Amino acid sequence: MLEKIKIHIKNNFSFLKEKKLLLATSGGLDSMVMLHVFQQLGYDIAIAHCNFQLRGLESFGDQSFIQEYAQEHQIPIFVTQFDTTAFAKDYKLSTQVAARELRYNWFYELLETENYDYILTAHHADDNLETFLINLSRGTGLDGLTGIPEQNDKIIRPLLSVSREEILAFAKEKNIAWREDSSNASDKYLRNKIRHDLVPLLKELNPLFMEAFQKTQSYLQESAAMVEDATIMIYNQVVTQEEDLMYIDLKQLLRLPNYQSYLYQWLKEFGFTAWDDIYELVHAVSGKQIYASNFRLLKDREQLIVSPIEENAEEDKYEIEKGIADVNVPLKLSLCKVDAISNPSNTTIFVDEELLQFPLVIQKWNEGDLFQPFGMDGKSKKVSKLFKDEKLSLVEKENIWLLWSGETIVWIIGLRQDERFKVLATTKNILKIQLL
């Protein structure tokens, strides 16, 4: 097995040879074999051990075991203890999810603070099979069937090509000591039931089941790569990106024979889960919305818009005192006196400074706000009507700010100047205000 792993690492992770590696080591069979392998292969390694304090004295026995091993073999070691039960309760997580969160957060912290390059975990082929079966039993897409990735950012799993049986045989052959986790014997968890009951049955039905499974998963991974390629190509035809907004052209989308699959691929990373509602949104009335934790999906005429959900600003009014030249919050504006008007536009206005009442105020618009559009002497118009005429989406309207002088709108910023502050032949002081 040592030679098999050596060849696998050479073919897939040759870059590890010159790196500093942290080995996630629980003291159990799998992690102790991984530790032994990387010792034998001469890598620059250290041990990272988490005590989750979930099994009483047994947890501290694991900690003592691995600390003594590190000392005996002169391997650097990092140990931490977590109150996993309290963390799970505070954040309303299952014990397993809480342990995973704590473990990987600490791993990444160690990488940064101790200048290590990668974390190695001892997941193996049977772990991959169990994960596949768990996802299959719960209902999953292609991603859930492709298994545990061999590399995920700084996390590397070098034993995924070997089975639990191979690891056990190797440990016995090399007289490698390890600690048994008593929780592994319990069928309280779904993974253990699959490990103890289902997997042995599958292997009994087909003695070469693991080889067949690994071949099938390789095909699934190839299919997933092909799906990703197709998704990217279609994305470029249907989706446009503007800063933090994503626009999906529904006319283009609905020409696709399997548009729901493309929507799933594009939107899953935003945390959306109500897929039936999302697919119905395509044909819904304009203005309907679906929310994820941090993003919103909006139907707006012939498009879907993905936008981040922003927290309410602490201040809803921002004042500009007389003489201020630059404004950075909530928008970037420049204000300066000029001698003449040049190239006015929706993003650059010229006003009679003597007509302004300072401090000027920037704030969001409200339903019922009125202004006099530039060029329409004496005629008022609702700000909301202007938005309708300009065919602004809900997201665009939410991002509009108004510049006020007292109780009067000076400028719908970036869109339209008010008539009442325009520069006349009699104007003595011209103020140029520009949206940057």
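The dialogue below goes through backbone features, sheets and helix packing in a predicted model.

User: What should I know about the model before reading its features?

Analyst: This is a predicted model, in which local features need pLDDT of at least 70 and side-chain atom pairs count only at pLDDT 80 or more, while totals for chains, interfaces and linings use all residues. Residues are numbered from 1 along each chain as its sequence is written, and side-chain values use heavy atoms, with hydrogens and water left out.

User: Which peptide bonds are cis, with omega near 0 degrees?

Analyst: Most peptide bonds are trans. Here the bond from valine 329 to proline 330 is cis, with omega near 0 degrees, and so is the bond from phenylalanine 358 to proline 359. Helices (H or I, at least four residues) and strands (E, at least two) are DSSP runs, numbered from the N terminus. In those terms, proline 330 lies in the loop between strand S13 (326–327) and strand S14 (333–338), and proline 359 lies in the loop between strand S15 (348–352) and strand S16 (360–364).

User: Is asparagine 175 buried or exposed?

Analyst: Buried means under 20% relative accessible area, exposed over 50%, and partly exposed in between, with a 1.4 Å probe and protein chains only. Asparagine 175 is exposed, with a relative accessible area of 70%, whereas glutamine 53 is partly exposed, at 36%.

User: What is the order of the strands in the sheet that holds S13 and S14?

Analyst: Strands of a sheet pair through backbone hydrogen bonds, either parallel or antiparallel. Two strands count as paired if DSSP finds at least two bridges between them. In this case 4 strands form an open sheet in the order S13-S14-S22-S15, with antiparallel pairing, and the edge strands, S13 and S15, each pair on one side only. S14 pairs with strand S22 (residues 430–435) in the antiparallel sense over 6 bridges, and leucine 333 stands opposite leucine 435 in S22.

User: What is the order of the open sheet of 5 strands?

Analyst: Its order is S7-S8-S11-S10-S9, with antiparallel pairing; the edge strands are strand S7 (239–242) and strand S9 (289–291), each pairing on one side only. Axes are lines fitted to C-alpha atoms, for helices over the stretch in contact, and angles run from 0 to 180 degrees between N-to-C directions. The twist averages 20 degrees from one strand to the next. Strand S10 (residues 295–300) and strand S11 (residues 303–308) run antiparallel and are joined by 6 bridges, with phenylalanine 295 opposite proline 308 in S11.

User: At what angle do H2 and H8 pack?

Analyst: Helix H2 (residues 29–40) and H8 pack at an angle of about 60 degrees, with their axes 10 Å apart. Contact means heavy atoms within 4.5 Å, and the residues that make this contact include Val33 and Val37 of H2 and Ile167 and Phe170 of H8.
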